[in-house]
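Biologist: I have not looked at this structure before. Could you take me through it in questions and answers?

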Amino acid sequence: PSQNGLGAVTGLAIDAHGDLVAQAVALGGAGGQPALFVYSTASGLTGPTQTLPDGAAVPGLSRSRIAVNAAGDVYEISPANIDSSGVEVYEFSLNGTSGTPIGSFTDPQAVDAEPEAIAIDPTGRIAIPVIATNVVDLYAPGPSGSNVSPVAFFSDYTAGTLNDYGLAVGPDGTTLYATSCDTDSVSVYPAGSSTPSRSIVGPQTTLVCPYAVAVDAAGTTYV
């Protein structure tokens, strides 16, 4: 549990207003309800200013990773059946209150049966790492349907060696931030490089198997 009353924080993202969005389980009076929580970053972290329950609408999302586009739509990976392949992503709107998905897309050809991370770049493309082939698949903005294929990919990203649970695209649209449970760290990869340019690591970070990462327009990193 964290000091702000959240447990099992598995997803972090920055929305278009610069606010921090967390996928977590509320503690205490909320009775452990999985939800999206929005926190203002204007003066530190304050809030939540908004709570959007999503666990009842799509069971299993309580431990999912998230990404937010410029329109305020939240994309969440649905944990796939370990015996099947494919990527399934649900879309929620921060402009609503119902917690009901407003859309979804599936890529049945995706290699990983249990994708762990998701991010959105400044153009709205959705990035999902494929650990088996060490690439990050990129899907066009606003995908919808049951047979969606990626439009591009980062081919040099060493996802398989990172055991990554969290992924974020930097404000330049090309730099990748990836968490690692193997090394309790966040590594920063420039475009086209399989070697990180820097890492957030070490006992002073207090990182232990970081599950999620988000980066705002100023480059501030949230883990």
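Modeller: What follows is a set of questions and answers on this model, which is a predicted one.

Biologist: How many helices and strands are in the chain?

Modeller: The chain has 223 residues, and buried residues make up 48% of them. Its accessible surface comes to about 9,800 Å², with 51% of that belonging to carbon and sulfur atoms. As for the elements, the count is one helix and 18 strands.

Biologist: Which strands stand at the edges of the open sheet of four strands?

Modeller: The order in this sheet is β13-β14-β15-β16, and the pairing is antiparallel. A strand at either end of that order has a single partner, so one of its sides is left without a neighbour in the sheet. From one strand to the next the twist averages 20°. The edge strands are β13 (167-169) and β16 (198-200).

Biologist: Which residue in the turn between β14 and β15 has a positive phi?

Modeller: Strand β14 (residues 176-180) runs antiparallel to β15 and is joined to it by five bridges. The two strands form a hairpin with four residues between them. In that turn, the residue with a positive phi, of about 50°, is Asp 184.

Biologist: Which residue of β16 is the bridge partner of Val 186?

Modeller: Strand β15 (residues 185-189) pairs with β16 in the antiparallel sense over three bridges. Val 188 of that pairing stands opposite Arg 198 in β16. Val 186 has Thr 179 standing opposite it, and its bridge partner in β16 is Ile 200.

Biologist: How many residues of β15 are buried?

Modeller: In a regular strand, side chains alternate between the two faces of the sheet. On one side of β15 are Ser 185, Ser 187 and Tyr 189, and on the other are Val 186 and Val 188, with both faces covered. The strand is largely enclosed by the rest of the structure, because the buried residues number five of the five.

Biologist: Is Asn 69 buried or exposed?

Modeller: Asn 69 lies in the loop between β5 (66-68) and β6 (73-77). Beyond four places in sequence, Asn 69 touches Tyr 75 and Ile 120. A residue counts as buried under 20% relative accessible area. Asn 69 has 15% relative accessibility, so it is buried.

Biologist: At what distance does the side chain of Asn 69 reach the backbone nitrogen of Asp 73?

Modeller: A polar atom of the Asn 69 side chain lies 3.1 Å from the backbone nitrogen of Ala 71. The side chain also reaches the backbone nitrogen of Asp 73, and there the distance is 2.8 Å.

Biologist: What is the relative accessible area of Arg 65?

Modeller: Arg 65 is found in the loop between β4 (46-53) and β5. Not counting residues up to four places away in sequence, Arg 65 touches several residues, including Thr 10, Glu 76, Glu 116, Tyr 165 and Tyr 211. Arg 65 is buried, and its relative accessible area is 7%.

Biologist: Is Pro 108 buried, exposed or partly exposed?

Modeller: Pro 108 is in the loop between β8 (103-107) and β9 (119-120). Its C-alpha atom is separated by 8.5 Å from that of Ser 149, 41 residues apart along the chain. At 30% relative accessibility, Pro 108 counts as partly exposed.

Technical notes. Residues are numbered from 1 along each chain as its sequence is written. This is a predicted model: local features need pLDDT of at least 70, side-chain atom pairs count only at pLDDT 80 or more; totals for chains, interfaces and linings use all residues. Side-chain values use heavy atoms; hydrogens and water are left out. Two strands pair if DSSP finds at least two bridges between them. Axes are lines fitted to C-alpha atoms, for helices over the stretch in contact, and angles run from 0 to 180 degrees between N-to-C directions. Buried means under 20% relative accessible area, exposed over 50%, partly exposed in between (1.4 Å probe, protein chains only). A polar contact is a pair of N or O atoms within 3.5 Å; within protein, one must be able to donate a hydrogen and the other to accept it, and residues adjacent in sequence count only if both atoms are side-chain atoms. Contact means heavy atoms within 4.5 Å. Accessible areas come from the Shrake-Rupley method with a 1.4 Å probe; for residues, only the protein chains shown count as cover.
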